[in-house]
Amino acid sequence: MKVLITGGAGYIGSHCNRYLAAQGAETVVLDDLSSGHAEAVLAGRLVRGDFGDRALLDSLLAAERFDAVMHFAGFIDVAESVAEPAKYYDNNVVKMKTLLDAMVAHDVRRIVFSSSAAVYGEPSYVPMDEAHPTAPINPYGTSKRIGEQMLADYGRAYGLASCSFRYFNAAGDAPDGAIGEARAVEHHLIPLVLRAALSGKPLKVFGNDYDTRDGSCVRDYVHVEDLAAAHYLGLRYVAEQGGTSCFNLGSSEGATVLELIAEAGRVTGHPVPYEVAARRPGDPASLIASNEKARKVLGWEPVRSELPVILRDAWNWEQHRRF
Ligand code: UFG
C-alpha cells in the first residue's frame, strides 16, 4: 500500500508515518515544515511543500500511484483560530478542498482524516460517543466539522471513501525517544507540566472551580502510539469497507489537571510546582471519549494510554529531545 501523508513531519503525522512504514506501507510525506520537523520523518520520502498547492499535488499524484492519503496537515490552535479565523478556514477548509479535488481528479479515492473532539463543542453528556451532537464553539472545531462534511459529500458524489478520527487529548511520545511533541510555542498541558518539573517554575492551572471531582478540568489523554495504530486500522477499514465513517480516539478515561500534576510528580521524581490561575476561555469542564466504536468496528485496543505510561514516554522525550 502506497500512502501520501500530509503533515507527516508533525507530531501525530510523524508517529503514523513511522508506524505505517513498520507495517510495510510505502509512504511519501508532504509537509511544508512550517511547524513540522524534517528530523521527525523517519520513514519514506519527504516532499517539502504545501498540501494546498494544486500544481504540486497534480505532479505528485500523477507521478506516484497512491492507494490512499492520510491528511494530518492543519492548524490546531483553538485560541489562534478565534483571533484569526481566516487562517483556519483557508488552511483547514479551502486547502483541504484542493487536496480532495486533486485526489478525485487522479482517482485516489481513500482518505484518513485528522479530525478532533473539538467538533462536539460543549459536551451535553460524557463519555461522548460519535452520536453526540456536533456544535463546535470555535473556528478550529468548525473547520474540522466542515472537513468531515466535505468528506461525506465527496463520498456520496465522487465515491471518495473516508474515515475521520476525532482525537481527544493526544499525548505521549515514541517510547524509544526517536520522535515527539516539538512545537515552537507550547500550550499543551503535559509538555508544560514536565517543563515545570524540570525548571521548578510553576505551571498555571487554569481554574480549580469547575464542577469536577477536584475542581480542575477533566481530559481524556490518548497516547500518540495508540493513535498511530488506529490510523493503520482505519486505513485498512477504508480500503475494505469504503463509505464515510468517523471514530472517536480516546482512552475513555478522564484525568483532572491536578491528578495529572500529581502523577507527573511520581513519574519524574520531581514535585511539579503550580499556581491556580483564572479559567481559560472556552475550556469545557470535562471531555471524555467513548471509544467503543473504534474498539468494536476497527478492533482498536489502546495499549499505552494509561497516564503513567504517557507521562513516562513524555518525560523521556522532554529530557532528551532530538529536535
Ligand atoms: N491547562 C492548564 N494549564 C496550562 C495548559 C493547560 O491548566 O498551562 C489545562 C487546560 O485548561 C485544560 C487541560 O489542561 O483543562 C488540557 O489543555 P490542553 O491545552 O493540553 O488541551 P485542550 O484540552 O485544551 O485541547 C485539546 C487539543 C486541541 C483540541 C481540544 C478540543 O489539544 O487540539 O482538545 O478538543 F482542539
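Colleague: Helices (H or I, at least four residues) and strands (E, at least two) here are DSSP runs, numbered from the N terminus. Where does Gly-200 sit, then?

Modeller: Gly-200 is in the loop between helix 6 (189-199) and strand 8 (203-206). Bear in mind this is a predicted model, where local features need pLDDT of at least 70 and side-chain atom pairs count only at pLDDT 80 or more, while totals for chains, interfaces and linings use all residues. Residues are numbered from 1 along each chain as its sequence is written, and side-chain values use heavy atoms, with hydrogens and water left out.

Colleague: Fine. What does Gly-200 touch, not counting residues up to four places away in sequence?

Modeller: Arg-195 and Pro-273, where contact means heavy atoms within 4.5 Å. Gly-200 counts as partly exposed because its relative accessible area is 45%; buried is under 20%, exposed over 50%, and partly exposed in between (1.4 Å probe, protein chains only).

Colleague: On to the ligand. Which residues come nearest?

Modeller: Leu-189, Lys-204, Arg-219, Arg-280 and Asp-283, out of 21 residues around the ligand, a residue being near if one of its heavy atoms lies within 4 Å.

Colleague: Switching to charges. How many salt bridges does the structure hold?

Modeller: 23, each a side-chain nitrogen of Lys or Arg within 4 Å of a carboxyl oxygen of Asp or Glu. One of them joins Arg-213 and Glu-259 at 2.6 Å, N to O. That pair links distant parts of the chain, 46 residues apart, with Arg-213 in the loop between strand 8 and strand 9 (218-219) and Glu-259 in helix 8 (residues 257-268).

Colleague: Is Arg-213 buried or exposed?

Modeller: Exposed, because its relative accessible area is 57%. Glu-259 is partly exposed at 28%.

Colleague: Which helix is Lys-144 in, and what surrounds it?

Modeller: Helix 5 (residues 139-158). Leaving aside neighbours within four places in sequence, Lys-144 contacts Asn-92, Phe-113, Ser-114, Ser-115, Ser-116 and Val-119.
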